[in-house]
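This report describes selected features of one protein chain. The sequence and the structure follow, and the description comes after them.

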Amino acid sequence: MPVTRRMALGMLGAGAMAPAMGWAEDWPSRPVRFVVPYPPGGPTDILGRVIVTRLGQDLGQPMVVENRGGASGVIGSEVVARAAPDGATFLINASIHLIIPHLNPSMPFDAVADFTPVTNIAMVPLVAVVNPKLPVRTIPELIAYLRANPGRVSYASSGNGSALHLAGEMFKLMTGTEMVHVPYRGAGPAVQDLIAGNIQLIFDSIPSSAAAVRSGLLRPLAVTTARRVAANPELPTVAEAGVPGFEIATWYAVWAPPRTPAPIVLRLQQAVAAAVQVPEVRERLGVLGADPVADSPEDFAAFCRQEYARWGKLVREANVRLD
């Protein structure tokens with residue numbers, strides 16, 4: 001980021017800090033918005049709304065989800081990076097937040113330095129899902145079909161650089177197959193096109209495709225985590241189904257604008273931690289295949305640094321490029 005841009009953000013934060021500190025202790029004393037940088041219906045939106053709804057009940061102020069899709073989450077994320085650090089605006093995003101910087105040399109913000117980590121809400125496995133018209137029911141059958149039809153199968157993602165995108169690239173790399181990547185502005189539109197048959201495959205997080213799978217509109221093949229998931233115990237892992245060592249998952253978290261006062265950050269983290277312990281919230285998260293985390297701001301900050309390095313390594317090894 002240019003020095004002038006950083007200076008401008010710093011001046012903005014300094015100007016907003018004084019009023020923020022004045023009401024940090026009784027936060028929230030006014031409505032709060034949570035920016036989800038994707039269209040409605042995708043996994044970030046679904047999981048985010050579960051948490052935000054509960055936060056509104058527990059904290060006694062209106063909590064609003066604002067969908068600001070585009071540019072693989074960059075547009076909505078920049079809104080939060082530029083927001084005043086007064087506890088009125090937060091970001092709910094997925095692991096793509098720390099992936100896209102490795103693919104986009106012209107980022108308008110620093111994904112690590114220009115945000116205040118609040119908490120990792122939950123980890124969510126991905127699931128390989130196909131349109132039922134594709135004549136495959138298992139991972140070995142998918143690999144065989146791809147090898148017999150190189151470049152003729154399209155796989156979708158929620159955007160360039162998303163975990164869904166990298167899962168497909170990792171699968172290609174580890175199986176020696178070829179597929180065409182089709183990025184969408186969120187998983188919701190991607191799943192709709194998969195149902196329509198315009199694309200054939202997606203490595204999706206469980207929330208956004210669960211309803212279509214239950215109704216038979218889509219066919220799940222395997223989960224991408226090292227172990228089977230409780231929500232779908234009948235599904236094998238990609239690794240045990242024929243691709244040893246294949247493991248990838250996504251996660252969903254909350255960030256605040258830079259220089260948000262620590263009392264606000266800690267209050268929100270504690271509220272999220274309490275929310276994921278509520279039985280009905282845990283039940284909803286379980287249906288979505290999500291494993292609650294709600295770690296401390298310090299632990300989440302360390303996790304972000306580790307994830308930033310890990311995703312960067314994968315991008316380089318798989319030679320991933322923006323389409």
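Helices (H or I, at least four residues) and strands (E, at least two) are DSSP runs, numbered from the N terminus.

## Basis and confidence

The structure is a predicted model, in which local features need pLDDT of at least 70 and side-chain atom pairs count only at pLDDT 80 or more, while totals for chains, interfaces and linings use all residues. Residues are numbered from 1 along each chain as its sequence is written, and side-chain values use heavy atoms, with hydrogens and water left out.

The pLDDT is the predictor's confidence in each residue, from 0 to 100. Its mean over the protein chain is 90, and 92% of the residues reach 70 or more. Over residues 1-21, however, pLDDT stays under 50. For that stretch the model has 30 contacts beyond four places in sequence, a contact being heavy atoms within 4.5 Å. Where pLDDT is low, the predicted coordinates should not be read in detail.

## Helix H5

Helix H5 comprises the 13 residues 163-175. The expected span of a helix is 1.5 Å times one less than its number of residues; for H5 this gives 18 Å, and the end C-alpha atoms are 18 Å apart, in agreement. 

Buried means under 20% relative accessible area, exposed over 50%, and partly exposed in between (1.4 Å probe, protein chains only). Because eleven of its 13 residues are buried, H5 is largely enclosed by the rest of the structure. Among the buried residues are His165, Glu169 and Lys172, together with Leu164, Leu166, Met170 and Phe171. Just after H5, Gly176 takes a positive phi of about 65°.

Helix H2 (residues 43-59) packs with helix H9 (residues 279-287) at an angle of about 175°, their axes being 10 Å apart. Axes are lines fitted to C-alpha atoms, for helices over the stretch in contact, and angles run from 0 to 180 degrees between N-to-C directions. The two helices, H2 and H9, are therefore roughly antiparallel, a description for angles over 145 degrees. From H2, the residues Leu47, Val50, Ile51 and Arg54 meet Glu280, Val281, Arg284 and Leu285 of H9. This contact of H2 with H9 divides into five nonpolar, no polar and three charged residues. Here Ala, Val, Leu, Ile, Met, Phe, Trp, Tyr, Cys and Pro count as nonpolar, Asp, Glu, Lys and Arg as charged, and the others, Gly among them, as polar.

In helix H7 (residues 206-214), the residues Ile206, Pro207, Ser208, Ser209, Ala210 and Ala212 are buried. They pack against H2, E4, helix H6 (187-196), strand E7 (201-205) and H9. Gly216, which follows H7, has a positive phi near 85°.

## Val118 in strand E4

Val118 lies in strand E4 (residues 116-130) and counts as buried, at 0% relative accessibility. Beyond its neighbours within four places in sequence, its contacts include Phe90, Trp255, Leu268, Asp295 and Phe300.

## Backbone features

Most residues other than glycine have a negative phi, and most peptide bonds are trans. Ser72, in the loop between strand E2 (63-67) and helix H3 (74-82), has a positive phi near 55°; Ser72 is buried, with a relative accessible area of 15%. Asn319, in the segment after helix H10 (297-317), has a positive phi of about 55° and is partly exposed, at 47% relative accessible area.

A cis peptide bond, with omega about -5°, joins Trp27 and Pro28. Pro28 is located in the loop between helix H1 (3-23) and strand E1 (32-36).

Note on methods. Angles under 35 degrees count as roughly parallel, over 145 as roughly antiparallel, 65 to 115 as roughly perpendicular and the rest as oblique.
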